[in-house]
Amino acid sequence: TLLYTIKFEQECCIKMIRQTPITCTGHSRPVVDIEFSDITDDGSYYLVSASKDGKPQLREGGTGDWLGTFEGHKGAIWAVDISYSGERVATGAADFISNFWDAATGDCLASCSHSHIVKSVSINHDATLLLTGTSKSKLSIFDMRHPGAAKEEYSAHNGIIKGCRFLKNDNFFISCGEDNTMKMWDRRSNKELKSQPFDQAINGMVLMEGVVTVPYGNCVALYDVTTFDLLRTCTLPCTVNSASLHVNQRYFVCGGEDLHVYKVSIESGSILESYKKHFGPVHCIRYSPDGELYASGSEDGTIRLWQNHVGRTYGLWQTPDIPAVNCSPSNHDFVRS
């Protein structure tokens with residue numbers, strides 16, 4: 001009887017555990033882009049956000065605690081990136097400027113002028129180069145060691161640049177645009193190497209461990225970044241604005257126009273989890289570098305942090321005490337622990 005009672009208590013406690021996202025307020029207008037740093041030397045990591053309120057913000061990645069706001073832009077922020085070390089932040093804005101910031105002090109280290117709205121930014125691995133994409137098809141590369149005019153320029157896509165990313169080898173980068181193509185570029189020759197067309201509108205891309213995750217229409221596609229070979233395509237019940245691959249590459253999360261965030265199995269293509277807590281479309285979503293949580297940004301002006309493993313103690317989430325059953329192999333006595 002005691003054993004059954006304990007098991008019943010366990011089941012009841014487990015059923016009571018629900019996904020409880022941490023809501024990060026602070027932006028006054030829609031959040032349109034977010035990025036995590038890599039894990040730093042002290043084990044922490046950071047989250048940076050872009051909003052139409054013109055005030056990009058830095059947060060502690062594991063808890064969402066606000067650390068600072070970068071002041072200086074005069075228009076909506078459309079794009080943001082943070083260096084692997086968490087020491088540098090890049091922003092792209094409607095004021096035709098891309099700024100390069102010191103994450104610790106909030107100082108603007110360089111301002112890069114463009115002829116149109118900056119819609120995408122990417123910092124290379126050692127934070128010496130900044131790649132930008134504008135609303136009028138142009139990709140530019142700036143040297144942050146010698147700030148000034150663009151070092152390189154590319155006429156890349158017919159329309160808005162929806163995303164751009166340096167590869168680990170700085171000689172190459174990828175981009176996607178309003179013309180529904182994803183492209184790879186070789187900086188040594190200043191030429192396009194590969195192009196992958198899509199039959200629906202591309203809404204961005206995320207690069208992680210050699211795999212490019214591309215949300216387009218109501219689908220999410222995974223591509224090998226070296227060969228552009230298609231690895232997997234999954235269909236969702238809504239237009240997908242953003243998607244992010246987990247570090248173990250077994251599933252991804254995504255969000256879009258129906259206000260939900262979805263966790264999807266790559267192997268089966270089935271939806272594993274679905275949550276609706278935002279009060280507007282989900283514009284951006286990213287996994288943390290350790291894969292323990294993911295963050296979503298929405299039209300409602302909030303960022304929400306979600307547990308990847310619901311019920312696990314991590315950051316501000318604490319696991320409730322669940323009675324456990326220990327079985328002694330010597331006498332088979334059941335003991336409450």
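Beyond its neighbours within four places in sequence, Thr-302 is in contact (heavy atoms within 4.5 Å) with Thr-23, Cys-24, Thr-25, Val-31, His-278, Ser-296 and Gly-297. The structure is a predicted model, in which local features need pLDDT of at least 70 and side-chain atom pairs count only at pLDDT 80 or more, while totals for chains, interfaces and linings use all residues. Residues are numbered from 1 along each chain as its sequence is written, and side-chain values use heavy atoms, with hydrogens and water left out.

Thr-302 is placed in the loop between strand E27 (293-298) and strand E28 (303-307); strands are DSSP runs of at least two residues, numbered from the N terminus. With a relative accessible area of 10%, Thr-302 is buried, a term for values under 20% with a 1.4 Å probe and protein chains only. The side chains of Thr-302 and Asp-300 are joined by a polar contact of 2.7 Å.

The structure holds 11 aromatic pairs, defined as rings of Phe, Tyr and Trp (its six-membered ring) with centres within 6.5 Å, and termed edge-to-face if the planes are over 60 degrees apart. The rings of Tyr-154 and Phe-173 have centres 5.1 Å apart and planes at 75°, so this pair is edge-to-face. Tyr-154 belongs to strand E13 (residues 152-155) and Phe-173 to strand E15 (residues 172-177), so that the pair links distant parts of the chain, 19 residues apart.

Definitions and conventions. Helices (H or I, at least four residues) and strands (E, at least two) are DSSP runs, numbered from the N terminus. Buried means under 20% relative accessible area, exposed over 50%, partly exposed in between (1.4 Å probe, protein chains only). A polar contact is a pair of N or O atoms within 3.5 Å; within protein, one must be able to donate a hydrogen and the other to accept it, and residues adjacent in sequence count only if both atoms are side-chain atoms. Rings of Phe, Tyr and Trp (its six-membered ring) pair if their centres lie within 6.5 Å; planes under 30 degrees apart count as stacked, over 60 as edge-to-face and the rest as tilted.
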